[in-house]
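Here are a few notes to read alongside the model. Take them in any order you like.

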Amino acid sequence: MINESNVDAVRARLIAEGANGPTTPAADRALNERKILIIPDVMANAGGVVVSYFEWVQGLQAFFWSEEEVNHRLRRVMERAYMEVYGMAKEKGWTMRQAATVLGVSPGAEAWRVRGLYP
């Protein structure tokens, strides 16, 4: 856990959050002020969710990919997601966490805007 009491001891130039919510908001601000790149937990942990989706799809189709194919597809998905988040963060002057949140929520927000809230 990176928090207010230990954030000054962090000497990394890049942090990939491996746990859920490992950085307090105050520590997050301090790290961003120091220009430390943070790959937020929602991105760093997404690989397992993506592979679970692949397993579900394969099960529905009764067709199974090799480990090499799964890794290739996972890499493609993760690299594309990283580039989208990084691109938005740079374009808007946001943190990676802010860009990941906006990109993650946008499809649902757009659907609500277009269709409204279903009961």
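1. Start with Tyr86, which sits in helix α4, residues 67–92; helices here are DSSP runs of H or I of at least four residues, strands are runs of E of at least two, and both are numbered from the N terminus. Tyr86 is partly exposed at 31% relative accessible area. (Buried means under 20%, exposed over 50%, partly exposed in between, with a 1.4 Å probe and protein chains only.) Glu69 is 17 residues away from Tyr86 in sequence, and their C-alpha atoms are 26 Å apart.

2. A word on the source: this is a predicted model, where local features need pLDDT of at least 70, side-chain atom pairs count only at pLDDT 80 or more, and totals for chains, interfaces and linings use all residues. Residues are numbered from 1 along each chain as its sequence is written, and side-chain values use heavy atoms, leaving out hydrogens and water.

3. How many salt bridges does a search of the whole structure find? It finds seven, each being a side-chain nitrogen of Lys or Arg within 4 Å of a carboxyl oxygen of Asp or Glu.

4. Have a look at Arg97, whose side chain meets that of Glu17 in a salt bridge, 2.8 Å from N to O. Arg97 is in helix α5 and Glu17 in the loop between β1 and α1, so the pair ties together parts 80 residues apart in sequence. Glu17 is buried at 2% relative accessibility, while Arg97 is partly exposed at 24%.

5. Arg75 and Glu79 also form a salt bridge (2.9 Å, N to O). They are four residues apart in helix α4, so about one helical turn separates them.
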